[in-house]
Structures are given as C-alpha cells and as structure tokens.
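Please keep the sequence and the model in view while reading the points.

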Amino acid sequence: MENTEPEVHVASDLPENYNELKNAANRTANWRERLNAVEQLSQWKSEQTIDILKRRLNTDPVFQVKEAAYEKLKAWGEDVEKPVINKYDVVKGIQKILLRVKKSLPKEHSYEDFKEKLKKMRIDVYDTYEGDKGADFDAWLEGMWKSLSTRSK
C-alpha cells in the first residue's frame, strides 16, 4: 500500500515561509487561513510548530481548526486532549453584536442586507461563525436575524 502521508520534517527544520504561516495561524478574521496554516505547519515538527498547533487547539473558536491541530499533535505523540464542539456561543455577546448590526440598518432591510453589514462591521464574528457552523451558517444566521426582528418589535 502506498504511503500518501506528506513528508514530515523534524527538529530545527522550519519552512521558508514560517513567519507568514505563523501570522496566518493567528489571523482572527479568516478561519480558512488558520486551517491552511495549521495543515502546512504540521509538515514541520519543531518546538515552534508544536507551540502554534497547541495554541490553535486550545484557543481557536472554529472546531475544524482545533481538530486539525489536535490530529497532528496526537500523531506526533503529544499529550493533548481531544477538542469538543462548543455548545455555547462561540463569540461572547453574539446577541448584542447582531442587534447592533441590525439597528445600524434601515427598518425594512432584508436578510441579505443584514448579512452583508455583519460581514463589513464584524468580519471576525462573521468568519468565526461561518467556520463554526459550516453548511448550516446561512440557516443559523437567518434564524438569528429573524429572532432579532421579532424581539425588536
């Protein structure tokens, strides 16, 4: 059977673009960049990359990023706990944030207006929930918008 795992570099090896990947791993407004950085950094086992992956595992709001970091750290033999899906609000005060966005729009705005305004005002929140909810993001956001609409009448 052919080995399809990417080659893992060990010890003091770091990729040439290490600083760019380190920055991408910490970019709060783009979970896809964080996930990509985790995947690329996981090909280079070193103290620095282990530290970055542990930070993503322990602090990232998006489960997919946490899970990718966990899988690689576990494969490397690190003593880490499997992440659990957050049952609570991923972003503290999400109701207030969404209400603030809604109130910044004209009274008869559409869901699409709300969605675009959230993206412009709080890309970090938009991106975090888009990553956390995955394919259910639009349904979740529209449900939140509708609940804000009924509450503010």
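This is a predicted model: local features need pLDDT of at least 70, side-chain atom pairs count only at pLDDT 80 or more; totals for chains, interfaces and linings use all residues.

1. Residues are numbered from 1 along each chain as its sequence is written, and side-chain values use heavy atoms, with hydrogens and water left out.

2. The chain holds 8 helices and 2 strands, and read from the N terminus its elements follow the order β-α-α-β-α-α-α-α-α-α. Helices (H or I, at least four residues) and strands (E, at least two) are DSSP runs, numbered from the N terminus. Of the 153 residues, 39% count as buried, where buried means under 20% relative accessible area, exposed means over 50%, and partly exposed lies in between, with a 1.4 Å probe and protein chains only. Among contacts between residues at least 6 apart in sequence, 60% join residues at least 24 apart; contact here means heavy atoms within 4.5 Å.

3. How do helix 5 and helix 6 pack, and at what angle? Helix 5 (residues 94-103) and helix 6 (residues 111-121) meet at about 115°, and their axes are 9 Å apart, which means that helix 5 is roughly perpendicular to helix 6. Axes are lines fitted to C-alpha atoms, for helices over the stretch in contact, and angles run from 0 to 180 degrees between N-to-C directions; angles under 35 degrees count as roughly parallel, over 145 as roughly antiparallel, 65 to 115 as roughly perpendicular and the rest as oblique. The crossing of helix 5 past helix 6 is right-handed, a term used if the near helix is turned clockwise from the far one by less than a right angle, with left-handed used if anticlockwise. Helix 5 contributes Leu-98, Val-101 and Lys-102 to the contact, and helix 6 contributes Phe-114, Lys-117, Leu-118 and Met-121. By class, these residues are 5 nonpolar, no polar and 2 charged, with Ala, Val, Leu, Ile, Met, Phe, Trp, Tyr, Cys and Pro counted as nonpolar, Asp, Glu, Lys and Arg as charged, and the others, Gly among them, as polar.

4. Helix 1 (residues 18-25) and helix 3 (residues 47-59) have axes that come within 11 Å and cross at roughly 15°, so helix 1 is roughly parallel to helix 3. Helix 1 passes helix 3 in a left-handed crossing. On the helix 1 side Tyr-18, Lys-22 and Ala-25 take part, and they meet Gln-48, Thr-49, Ile-52 and Arg-56 in helix 3. This contact has 3 nonpolar, 2 polar and 2 charged residues.

5. Helix 2 and helix 7 pack at about 60° with their axes 9 Å apart, and they are therefore oblique to each other. Trp-31, Arg-32 and Arg-34 of helix 2 make the contact with Asp-127, Glu-130 and Gly-131 of helix 7; by class, the residues are 1 nonpolar, 1 polar and 4 charged.

6. A nonpolar core is a set of buried Ala, Val, Leu, Ile, Met, Phe, Trp, Tyr and Cys residues joined through side-chain atoms within 4.5 Å. In the largest such core, which has 19 residues, those touching the most other members are Leu-98, Phe-114, Leu-118, Val-125, Tyr-129, Trp-140 and Leu-141. Two or more residues come from each of helix 5, helix 6, helix 7 (123-133) and helix 8 (137-151), and helix 8 gives the largest share, 6 residues. A second, separate core of 13 residues includes Val-38, Val-62, Ala-69 and Val-80.

7. Apart from residues up to four places away in sequence, Leu-35 touches Gln-64, Val-65 and Ala-68. Leu-35 and Val-65 lie 30 residues apart in sequence and 5.1 Å apart in space, C-alpha to C-alpha.

8. Val-91 sits in the loop between helix 4 (63-75) and helix 5 and is buried, with a relative accessible area of 15%. Leaving aside neighbours within four places in sequence, Val-91 is in contact with Ile-97, Val-125, Thr-128 and Tyr-129. By contrast, Asn-58 of helix 3 is exposed, with a relative accessible area of 58%.
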